[in-house]
Structure formats: structure tokens, C-alpha cells
Amino acid sequence: YSSLSNKGNNLNGSVIGVTQDFYKTMHLQMLNGRFISNLDNSNSFATIGNKMATQISKLDIQRAYGSLISAGNQVYQTVGILKSGPQNMFIFSDINDSALIPIKLAMELDSHASINNIIFRLNPKANLTLTQAKIQKYLQSLLIGQHIYFRNPKQIIKIISKQRSTFTLLLGMIGGIALIVGGIGVMNIMLVSVIERK
């Protein structure tokens with residue numbers, strides 16, 4: 001949706017269609033109310049993030065419970081508020097700034113809505129590479145001709161490590177240049193002083 005509002009006041013955020021399993025998969029926690037369930041598919045209910053609740057009621061975010069959020073021509077009633085949590089690397093939107101609605105309802109209300117992310121939580125002892133290959137093969141058989149892109153924790157850790165190495169190298173280069181420039185400046189002053197004494 002291009003705009004979200006509450007009582008005529010614009011809200012910064014987005015609407016995300018999810019299943020009830022999203023709550024456990026992402027280890028979310030409730031501040032007030034409840035998380036949406038699969039039984040809400042025909043109801044315009046939403047669970048909102050902590051930052052969105054703050055936008056609705058800055059003095060007491062729990063007052064956002066039961067509030068109405070307008071998104072396009074649709075109005076959602078808030079049935080739950082999530083506790084604040086860190087931004088997740090597997091989702092492009094910040095959950096703290098979002099209104100979460102049943103995925104079936106999202107698909108019915110918006111003809112352009114599509115499933116962009118499927119999140120899996122594996123057993124800690126599972127073989128990540130083998131499991132990923134099996135999931136990819138299965139999804140590829142269902143979604144013929146579609147490109148499936150996986151992001152797993154190992155890839156994210158590798159990217160972060162590479163970024164840190166790049167930043168360390170850049171800082172080292174900047175420090176080295178600063179030392180060289182400073183050294184040249186000190187050397188010039190010393191030369192001038194020696195020449196003047198001569």
C-alpha cells in the first residue's frame with residue numbers, strides 16, 4: 001500500500017501478509033493482545049509492530065490496541081502489539097514498523113500481492129546444505145520456470161565478514177595516508193627549522 005493512516009494521521013510502515021506460524025518461526029513476542037491466526041483469514045485483523053504502535057499513541061503504546069489502521073480502501077483492526085525486536089536479515093521490511101495480516105486475506109484484497117519470502121527454521125542438528133538442496137528441488141518442481149534464491153545464515157555471516165574486512169582495509173588505508181601526510185608535514189617543518197638555523 002502506498003499509504004497507511006490512523007485517524008487521518010499518516011503512518012510510516014508496510015503491510016505484510018503472514019501465516020500464524022510466522023510468530024514462532026521468527027521468535028516474536030507479544031506486548032499486548034494476540035498474534036493473528038489462520039482463523040482470521042476472513043477478518044480484517046492485524047498485529048502491529050512496536051514502532052507502529054508508538055506512531056499511533058506516543059504516550060502509551062498499549063493504547064494502540066484495538067485501533068483502526070487504514071491501508072488503501074481497507075481498514076484493519078489491531079488485535080495485538082508486538083514487543084520491539086531487532087531487524088531480521090531474512091525480511092526486507094522491518095517488522096517493528098509493519099502491520100501483519102493473514103496471508104490469505106492479503107491475497108484476496110490485492111490482486112498484485114505475491115509471496116516473496118518463505119522462511120524455514122531448521123533443527124540445529126540438520127545438514128544445512130543437504131536440506132537446502134532438497135527444499136530447492138521440491139519448490140522448483142512446484143514453481144516451474146521461477147527463479148528461487150536462498151539466503152541462509154552461513155551466507156549472511158560470510159557477507160558480514162567480507163564487509164568487515166573491507167571496512168578494516170579502508171580504515172587502515174585512511175590511517176596510513178593520514179600518517180604519511182602528517183609525517184611529510186613534520187619533516188618539512190624540521191627542514192625549515194634546520195635551514196633557518198644554518
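Predicted model: local features only at pLDDT ≥ 70, side-chain atom pairs only at ≥ 80, totals over all residues.
Guide: A nonpolar core is a set of buried Ala, Val, Leu, Ile, Met, Phe, Trp, Tyr and Cys residues joined through side-chain atoms within 4.5 Å.

Visitor: Which residues of the largest nonpolar core touch the most other members?

Guide: In soluble globular proteins, nonpolar side chains tend to be buried together. Here the largest nonpolar core has 17 residues, and among these I48 and M52 touch the most other members. The elements that contribute two or more residues to this core are β5 (45-48), α2, β6 (68-71), β7, β8 and α3 (103-109), with α2 giving the largest share, 3 residues. There is also a second, separate core of 13 residues, which includes I16, F22, I91 and L100.

Visitor: Which residues does M52 touch, once those up to four places away in sequence are not counted?

Guide: With those left out, M52 touches L4, L11, N12, G13, S14, I69, N96, D97, S98 and A99.

Visitor: How should I read the salt bridges, and how many are there?

Guide: The idea is a pairing between a side-chain nitrogen of Lys or Arg and a carboxyl oxygen of Asp or Glu, with a cut-off of 4 Å, and by this rule the count comes to 2 salt bridges. In one of them R34 pairs with D40, where the closest N and O atoms are 2.8 Å apart; R34 is partly exposed at 34% relative accessibility, whereas D40 is buried at 5%.

Visitor: Where do the partners of the salt bridge between D94 and K51 lie?

Guide: In that salt bridge the closest N and O atoms of D94 and K51 are 3.5 Å apart. D94 lies in the loop between β7 (74-82) and β8 (98-102), while K51 belongs to helix α2 (residues 50-56), so the pair ties together parts that are 43 residues apart in sequence. As for accessibility, D94 is buried, with a relative accessible area of 16%, and K51 is partly exposed, with 41%.

Visitor: In which loops do K7 and H27 lie, and are they buried or exposed?

Guide: K7 lies in the loop between β1 (4-6) and β2 (9-11), and at 78% relative accessibility K7 counts as exposed. H27 lies in the loop between α1 (22-25) and β4 (30-33), and H27 is exposed too, with a relative accessible area of 57%.

Visitor: Which residues make the nonpolar surface patch?

Guide: Nonpolar side chains tend to be buried together in soluble globular proteins, but this model also has a nonpolar surface patch of about 650 Å², made by F167, L169, L170, L171, M173 and I174. Of these residues, L171 lies in helix α5 (residues 153-197), and L171 is exposed, with a relative accessible area of 61%.

Visitor: Is Q132 buried or exposed, and which residues does Q132 touch?

Guide: Buried means under 20% relative accessible area, and Q132, at 18%, therefore counts as buried. Q132 is found in helix α4 (residues 128-142), and, not counting residues up to four places away in sequence, Q132 touches F150 and N152.

Terms used:
Residues numbered from 1 in each chain as written. Heavy atoms only, no water. Buried < 20%, exposed > 50% of the residue type's maximum accessible area, 1.4 Å probe, protein only. Helix = DSSP H or I, 4+ residues; strand = E, 2+ residues; numbered from the N terminus. Patch = residues over 30% accessible without salt bridge, like charges linked within 9 Å, V, L, I, M, F, W, Y side chains within 5 Å. Areas by Shrake-Rupley, 256 points an atom, 1.4 Å probe, with all protein chains shown as cover. Contact = heavy atoms within 4.5 Å.
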